[in-house]
Amino acid sequence: MRPWPSDRVAFGGDYNPEQWPRATWDEDLRLMRAAGVSFVTLGVFSWSWLEPSKGEYDFAWLDEVMDLLAEHGIAVDLATATATPPPWLSAAYPEILPVDREGRTLWPGSRQAWCPSSPLYRDLALALTDRIAARYHDHPALAMWHVSNEYACHNLPCYCDTCAVAFRRWLERRYGSLDALNEAWGTAFWSQRYSAWDEVLPPRITTTFSNPTHVLDYSRFGSDTLLDFYRAEKEVIRRHSSDVPVTTNFMTLSQFRLLDYHDWAPEQDVVSTDHYVVDSLAHPQAELSFHGDLTRGLAGGRPWMLMEHSTSAVNWQPVNPAKPPRGTVLDSLAHVARGADALGFFQWRQSRAGSEKFHSALVPHAGEDSDRFREVCELGALAGRLGEVVGSTVDAEVALLWDYEAQWALAGPCMPSAAVDYVTAAHTVHRLLRDRGVTCDVVHPGTDLSRYRVVVVPTLYLVSDEHAAAVEAAARAGAHVLVTYLSGVATPDDHVRLGGYPGAFRDLLGVRVEEFFPLRVEEEVALAGPASTAGGRGRTWSEDARTTAEDAEALLAYAEGPLAGRPALTRRPVEDGVAWYLGTLPDDDLLGGVLERLLTEAGVAPAARAPAGVEVVRRRSQEGSWLFVLNHTGTACEVAAAGHDLVSGREVGPVVPVPARGAAVVREG
Ligand code: GLA
Ligand code: ZN
């Protein structure tokens, strides 16, 4: 594989020169040099410019841009331009348009208006990919292939007739027989038994609740369909270009729920992703960190590429606050801390027209004479100084299990409580660990867990026997395993495991739950421990649990209400490890205390001791280690560290001073 430039943290972003007159390109290159840009992503939305009418191609402008970038030493992540078809295509072939759950056609006029199952769209997209790969495979600027863009962002699920046919084929492959499908979907319920494949439809709008396994399979089908399309594009590229890495930009923002990236990641030569800070979240910076740990998990622990983020405001929230001064640098370093070796932005130059004209960019509307562009230049220079970090990995002794199928199933219709949210369950534990300077790898349940001292299993509602056994094996081998409420309840077909919850983990935990008692949205329940343990409040969930093993000890119990006296937190030694079970969502203080006890018992230390609001993460390689200190507060702080700070350029020790909203990256020793 041709190596991606690795002497620096790669720095750049989406470049859309077709939006600008030719004269602007020269200024672009001058400013890219000034800012230290080392790569751009080119051509993401260029189909209508590259093929202005069917079969008529115009590559002259792209040739020129590629040549200019090569002359200036800027590497290109070249897109296949298949993310959005040109208007002539949708006009000639309206059958490629996606259809929503209510049967409404999604018309062209925006972007990504194509049905994921359309063979016609796929043929036309592959033909374009073929042209582009044939033309640019040996261009000196080419460093990476960028297939499509943010698959599924707008066109999944599609409920059209083409998808109906493709779904039936997918189901035939999965189940082999209608009997197997009827069994898996539980169609004995509500007279849903199918007698022919053609009777099966996408889960379109219906009278009331859809069959949950039907809906779950439709999510699996959507992810598989797009993955198949990605593979087809990659294959076309490979016919021309065998040694240039191929990627597509994921959306691992943890609220995005449409693709099973654990299936997608092995198909990427480099895992790349996009991330935007969502202002409406209660803890946006903690979400950013979670996303980094998840992306690193997808990359198998190896460094990954942040393909897009924003220098400041986005344009797609109801209100789009600007990042505070220093926010561009601080957010970027938070990604690098968690394993990003490339910092890409959407986009190079802020558009003056179109839907994203108020989305920030590396070059803002105000131009180069602006504080934001000066901060961008500073970040570009810093990315150069961070070159020594490239290729290193991130220290983590805690695994947090994350599974897209469990997320889909939990979000399905008719659950005990719509207030139980998979993302919240995982984020809460992750955030409280992050507050304590402890980094998690966010990984698939099928990952080898043997090297972790702690394994957190947050609300893993759906789990296979195999994955449940792996969690148990990790505990027996010495890990502290923490399982939280509503885990292990269902099989991969979303059938409830009988005999008491949390079915798949009941034996490991020595706990059996007879009935769920979900809490109302604002409801809380008092929790109390034995004299030595602090109490607090539980939210969202409670359940009628009893310990079934003599060595399962209740550390917290409900102190009021119908469950008074029943255990809410249990701890059970299992061979060399310990299995913990949490049946509610305690307040931050209480849960933080529980986690501290668990970390102490497991022998997990923080990356460094840091004041509240100061994030600490360590990257390490054979050459040494780097402590990232990210001060998200408005007050300067000090953290114990000694070595060379790559941000300030100073030798530091025994503490590193970090300004308000500033950062340090200390090469230790
Ligand atoms: C996504 C897309 C970009 C742009 C940004 C805006 O990441 O890939 O084209 O629309 O969102 O935030
Ligand atoms: Zn469709």
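Donors are taken to be N, O and S atoms within 2.8 Å of the metal (3.2 Å for Na, K and Ca), and water is not among the atoms, so sites may look incomplete. In this predicted model, the protein donors of the zinc ion (ligand 2) are Cys115 (SG), Cys158 (SG), Cys160 (SG) and Cys163 (SG), which lie 2.2 to 2.3 Å from the ion. Along the chain these donors follow the spacing C-x42-C-x1-C-x2-C.

The model is predicted, and local features need pLDDT of at least 70, side-chain atom pairs count only at pLDDT 80 or more, and totals for chains, interfaces and linings use all residues. Residues are numbered from 1 along each chain as its sequence is written, chains are lettered from A and ligands numbered from 1 in the order in which they are written, and side-chain values use heavy atoms, with hydrogens and water left out.

Four donors count as tetrahedral if all angles lie between 85 and 135 degrees. The four donor atoms of the zinc ion (ligand 2) make angles of 98 to 121°, and the site is tetrahedral. For comparison, ideal angles are 109.5 degrees for four tetrahedral donors. Cys160 counts as buried because its relative accessibility is 7%, and Cys163 is buried because its relative accessible area is 2%.

Most residues other than glycine have a negative phi, and most peptide bonds are trans. Helices (H or I, at least four residues) and strands (E, at least two) are DSSP runs, numbered from the N terminus. Pro157 is placed in the loop between β4 (142-146) and α6 (161-175), and a cis peptide bond with omega of about -10° joins Leu156 to Pro157. Ser148 is also found in the loop between β4 and α6; Ser148 is not a glycine, yet has a positive phi of about 50°. Ser148 counts as buried because its relative accessibility is 2%.

Another cis peptide bond, between Tyr501 and Pro502, likewise has omega of about -10°; Pro502 is in the loop between β14 (480-484) and α16 (506-509). Trp190, a residue other than glycine, has a positive phi near 55° and lies in the loop between α7 (178-185) and α8 (212-240). Within helix α7 is Asn182, which is buried because its relative accessible area is 4%.

The next feature is open space. A pocket is found on a 1 Å grid over the protein atoms alone, as an open set of points where a 1.4 Å probe fits, with protein on both sides within 12 Å along at least five of seven lines; lining residues have an atom within 4 Å of a point. Grid points are joined across faces, edges and corners, and a volume is the space filled by probe spheres set on the points. The largest pocket has a volume of about 800 Å³. Its lining holds 28 residues, and Gln19, Phe45, Thr84, Ser110 and Arg111 lie nearest the centre. The elements that give two or more residues to this lining are α2 (47-50) and α4 (87-92), and α2 gives the most, with three residues.

Finally, the domain assignment, whose bounds come from an automatic or database source, gives domain 1 (398-602) and domain 2 (614-668). The C-alpha centres of domain 1 and domain 2 lie 34 Å apart.

Terms used: Four donors count as tetrahedral if all angles lie between 85 and 135 degrees; four count as square planar and six as octahedral if opposite donors are over 155 degrees apart and all others between 65 and 115; anything else is irregular. Buried means under 20% relative accessible area, exposed over 50%, partly exposed in between (1.4 Å probe, protein chains only).
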